Amino acid sequence: MDAEGLHVNIEYLSNCGIILSPEQKAALQISLPILKSDHKLKRVKLWGKVQGIKADYFVAHGVGVDELNDRKAVYSQDCLLWVLLPFATEEMKSNAAKLQGRFTGDPSFINEYKYTRKTGDGDTMQEESVTIEMKEEDRLAAVVASIDHEVAVVPHGAYIKTPLGGVRGNRSFEGLTIAECKHISNFYHFREPILENNKNALLSLDQSLSFLDSIEYDLPKGCWSLQFERGSGIVILKSLIWFGLVSYHVPNTMKYGYFYCGTGERNNDLPFML
């Protein structure tokens, strides 16, 4: 969600129960422009809020020239002081996926996960206890990166891939029509494409707009909920894998974005719930 016009953008999600207090809005409207200026960023986007037991984490993305690959994640607990999140490695994501329970709200808290691992074969097989320790700040970075990879969504045509390989906002984007918004095939993952037919796309006009992966191929089928609010005034996409991730788009306009407001826990039981 673009930080510019935050007071307007957040209202698009009010019907989903996502709201900010007047104090939080005022603090964010002061601190985010300062964050943009201090770090010489092109744009700043409010990513969402991860709810903790004692305190919440507000997360924002600082965006450079390449809006897909030049991003930095920062977090704050008071909406004023922002701290850079560490880069999330694949090992961090794997360890974070094993942890259970909610965030405490203390960045220095050490999360622990114990499991039994078997070593050796036959008569020499032994069981040993393994403990994974992970700082909550690192867990937060891993969860934010996982959510971005799995469920960050933008409408088709909102971004364009340049001949040099960079990704920028499409200034010619005028929004999807109401008819196009009815199909999830017109919404794309905002990440590096992982489907083979998109990896080596030739940069024709159409392919420079369709270089991302469509969410219609996501598994399990039915992991997205699409609905219209305010008549046909706004389309809402909700992820059933990461409860609290909501994407929105106002048809026939350049207004779109996504926001996460949840506990940071993945719904791994979804295949058994559909």
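Biologist: Looking at the structure above, what does Glu150 count as: buried, partly exposed or exposed?
Modeller: This is a predicted model, and in it Glu150 has a relative accessibility of 24%. Because buried means under 20% and exposed means over 50%, a residue with the 24% of Glu150 counts as partly exposed.

Biologist: With which residue does Glu150 form a salt bridge?
Modeller: The closest N and O atoms of the pair are 3.0 Å apart, and a salt bridge requires such atoms to lie within 4 Å. Glu150 lies in helix 4, residues 136-151, while the partner lies in the loop between strand 14 and helix 8, so the pair ties together parts that are 116 residues apart in sequence. The partner counts as partly exposed at 37% relative accessibility, and its name is Arg266.

Biologist: How many residues apart in sequence are the parts that Asp213 and Arg191 tie together?
Modeller: Asp213 forms a salt bridge with Arg191, with the closest N and O atoms 3.6 Å apart, and both Asp213 and Arg191 are buried. Asp213 belongs to the loop between helix 7 (205-209) and strand 11 (224-229), whereas Arg191 belongs to the loop between strand 10 (187-189) and helix 6 (196-199), so the distance in sequence between the parts they tie together is 22 residues.

Biologist: How buried is Glu67, in relative accessible area?
Modeller: Glu67 forms a salt bridge with Arg43, and their closest N and O atoms are 2.9 Å apart. Arg43 sits in strand 1 and Glu67 in the loop between strand 2 and strand 3, 24 residues apart, which makes this a link between distant parts of the chain. Glu67 is buried, and its relative accessible area is 3%.

Biologist: How many residues of strand 1 are buried?
Modeller: Strand 1 pairs with strand 2 in the antiparallel sense over 7 bridges, and a hairpin of 6 residues joins the two strands. On strand 14, which runs parallel to strand 1, the pairing has 3 bridges, and Val50 stands opposite Gly262 there. Strand 1 is largely enclosed by the rest of the structure, because its count of buried residues is 7 of the 8.

Biologist: What is the relative accessible area of Ser247?
Modeller: Ser247 lies in strand 13, residues 245-249, and, leaving aside residues up to four places away in sequence, it touches residues including Val151, Val235, Leu237 and Tyr258. Ser247 is buried, since its relative accessible area is 4%.

Biologist: Over which residues is the pLDDT below 50?
Modeller: The mean pLDDT of the chain is 90, and 96% of its residues reach 70 or more. One stretch, which has 8 contacts in the model beyond near neighbours in sequence, has a pLDDT below 50, namely residues 199-204.

Notes: Residues numbered from 1 in each chain as written. Predicted model: local features only at pLDDT ≥ 70, side-chain atom pairs only at ≥ 80, totals over all residues. Heavy atoms only, no water. Salt bridge = Lys/Arg side-chain N within 4 Å of Asp/Glu carboxyl O. Helix = DSSP H or I, 4+ residues; strand = E, 2+ residues; numbered from the N terminus. Buried < 20%, exposed > 50% of the residue type's maximum accessible area, 1.4 Å probe, protein only. Contact = heavy atoms within 4.5 Å. pLDDT = per-residue confidence, 0-100. Pairing = 2+ DSSP bridges.
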